[in-house]
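Student: I have a structure to read and would like to learn how to go about it. Could we take its features in turn, with the general idea before each case?

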Amino acid sequence: MSRNDALLLVVEGRDAATPWIEAFRARLPGWRVVGLSDAFDPARVRHVAAWRHPYGSLKGLTSLDAIFSLGAGVDHLLGDPDLPPATLVRVVDSDLTARMTEWVVLHVLRHHRQAERYVRQQHDGLWSDDPLQPAAKDVRVGVMGLGVLGGDAAAKLKLLGFDVAGWSRTAKTLPGVPTFAGDGGLDAFLRRTQILVVLLPATPRTQGMLDAALIGKLARDGHLGGPVLINAGRGALQNEADILRCLDDGRLKAATLDVFETEPLPTTSPLWRHPAVTVTPHNAAISSTGAVADAVAAQILAFGRGEPLQHVVERERAY
Ligand code: NDP
Ligand code: OXD
């Protein structure tokens with residue numbers, strides 16, 4: 001097949017994926033880069049780059065080598081019952097990782113340093129710093145998911161001095177960070193955790209796990225008067241009714257959520273107006289189109305030279 005026969009199909013949501021198409025055309029000279037609304041022969045499409053594509057739209061692509069997620073997560077691809085059986089590749093990129101770590105550090109520090117309290121105090125003209133702010137070393141942060149993103153966030157929180165631990169599916173070793181693994185390690189991890197940071201993928205095993213039972217196991221001995229939940233993994237992990245119940249009855253002191261069961265978060269959701277909840281619009285780690293297109297195009301070019309694809313997803317694990 002000549003290079004001009006090789007097609008990259010770029011699909012984002014239901015809209016035209018124009019900025020992505022332009023970014024790939026600039027990086028892949030000699031390739032035909034098309035969107036779903038362009039005329040193309042499905043049998044000639046070699047690669048797909050997609051983010052939240054319309055389910056069913058990739059059916060009939062019989063010559064695919066790889067499907068690239070335009071993000072780190074692949075749940076949006078795996079949810080498609082008609083996903084072709086090509087190799088699945090996700091984004092691992094320093095720009096994306098750095099942005100996620102910024103978001104995590106920002107929100108851990110906001111809770112730890114009680115930023116909202118001082119905004120309220122300023123509003124009320126109140127000068128009070130009681131009780132004394134504890135040092136970071138006396139605050140136990142737990143990071144669920146110790147992959148590319150969780151591993152970096154845990155390391156940076158550790159650098160700031162927090163007493164950090166982590167939990168993952170398989171055992172991990174991180175310098176200065178106690179780690180727990182699997183179902184057997186979960187309770188001990190939760191029992192020590194005052195601020196819980198979630199950077200897990202959405203899989204059949206993690207679905208709905210952030211519920212009242214899990215929240216009830218978190219440590220309650222922190223200076224904030226209760227545990228804090230910070231989730232930028234996926235909304236599918238959240239039982240939002242349970243989270244709201246736990247916030248209302250004090251089992252949870254506060255929550256910062258970037259991801260939701262339904263996105264965009266419906267205007268009717270009580271999470272929008274809850275005084276102990278911070279909502280961000282699934283933008284914890286939105287990378288620039290250029291950074292992600294660089295990463296995907298580099299892989300496509302390397303694959304064309306006969307090199308193996310990197311960051312391949314194991315379908316049976318679903319991440
Ligand atoms: P990785 O695949 O590198 O890491 C996933 C981590 O989760 C691994 O440590 C893995 O364990 C752990 N894990 C998976 N399943 C389980 C389980 N059942 N029990 C315990 N641990 C489990 O992914 P990334 O770090 O790159 O990304 C994580 C997620 O972050 C993405 O899947 C996506 O959902 C989300 N994300 C959100 C963004 C946002 O803007 N809000 C942006 C980018 C990503 P092990 O190491 O043992 O395999
Ligand atoms: C991702 C995301 O998975 O932005 O990259 O959620």
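Tutor: Let us begin with the words for exposure: a residue is called buried under 20% relative accessible area, exposed over 50%, and partly exposed in between. Please keep in mind throughout that this is a predicted model.

Student: What is the backbone of Arg52 like, and how should I read its phi?

Tutor: The general idea is that most residues other than glycine have a negative phi. Arg52, although not a glycine, has a positive phi of about 50°. A second case is His282, which is likewise not a glycine and has a positive phi of about 45°. His282 belongs to the loop between S12 and helix H9 (289-304), and with a relative accessible area of 18% it counts as buried.

Student: Where are the cis peptide bonds, and what is omega there?

Tutor: In general, most peptide bonds are trans. Here a cis peptide bond joins Asp130 and Pro131, with omega about -10°, and Pro131 lies in the loop between helix H4 (115-124) and strand S6 (140-144). Another cis peptide bond joins Glu263 and Pro264, again with omega about -10°, and Pro264 is placed in the loop between strand S11 (254-257) and strand S12 (277-279).

Student: What does His47 touch, and is His47 buried or exposed?

Tutor: His47 is placed in strand S3, and because its relative accessible area is 2%, which is under 20%, His47 is buried. Not counting residues up to four places away in sequence, His47 touches several residues, among them Leu7, Trp31, Asp65, Phe68, Ile300 and Phe303.

Student: Where is Thr203, and which residues does it touch?

Tutor: Thr203 is in the loop between strand S9 (195-198) and helix H7 (212-215), and it counts as buried at 9% relative accessibility. Beyond residues up to four places away in sequence, Thr203 touches Arg317, Ala318 and Tyr319.

Student: Let us turn to the ligands. Which residues around ligand 1 come nearest?

Tutor: There are 29 residues around ligand 1, and Arg90, Thr170, Lys172, Asp258 and Tyr319 come nearest. By class, this shell holds 15 nonpolar, eight polar and six charged residues. For polar contacts, one looks for pairs of N or O atoms within 3.5 Å. A polar side-chain atom of Thr170 lies 2.5 Å from an oxygen atom of ligand 1, while polar backbone atoms of Leu146 and Val148 are each 2.9 Å from an oxygen atom of the ligand. The protein covers 93% of the 940 Å² of accessible area that ligand 1 has on its own. The elements that give two or more residues to this shell are H3, helix H5 (148-159) and strand S7 (163-168).

Student: And what surrounds ligand 2?

Tutor: Ligand 2 is surrounded by Trp51, Gly71, Ala72, Gly73, Arg234 and His282, a shell that divides into two nonpolar, three polar and one charged residue. An oxygen atom of ligand 2 is 2.7 Å from a polar backbone atom of Ala72, and one is 2.8 Å from a polar backbone atom of Gly73. From Arg234, a polar side-chain atom lies 2.7 Å from an oxygen atom of ligand 2. Of the 210 Å² of accessible area that ligand 2 has on its own, the protein covers 86%.

Key:
Residues numbered from 1 in each chain as written. Chains lettered and ligands numbered in written order. Predicted model: local features only at pLDDT ≥ 70, side-chain atom pairs only at ≥ 80, totals over all residues. Heavy atoms only, no water. Near = heavy atom within 4 Å. Polar contact = N/O pair within 3.5 Å; in protein donor to acceptor, adjacent residues only side chain to side chain. Areas by Shrake-Rupley, 256 points an atom, 1.4 Å probe, with all protein chains shown as cover. Nonpolar A, V, L, I, M, F, W, Y, C, P; charged D, E, K, R; others polar. Helix = DSSP H or I, 4+ residues; strand = E, 2+ residues; numbered from the N terminus. Buried < 20%, exposed > 50% of the residue type's maximum accessible area, 1.4 Å probe, protein only. Contact = heavy atoms within 4.5 Å.
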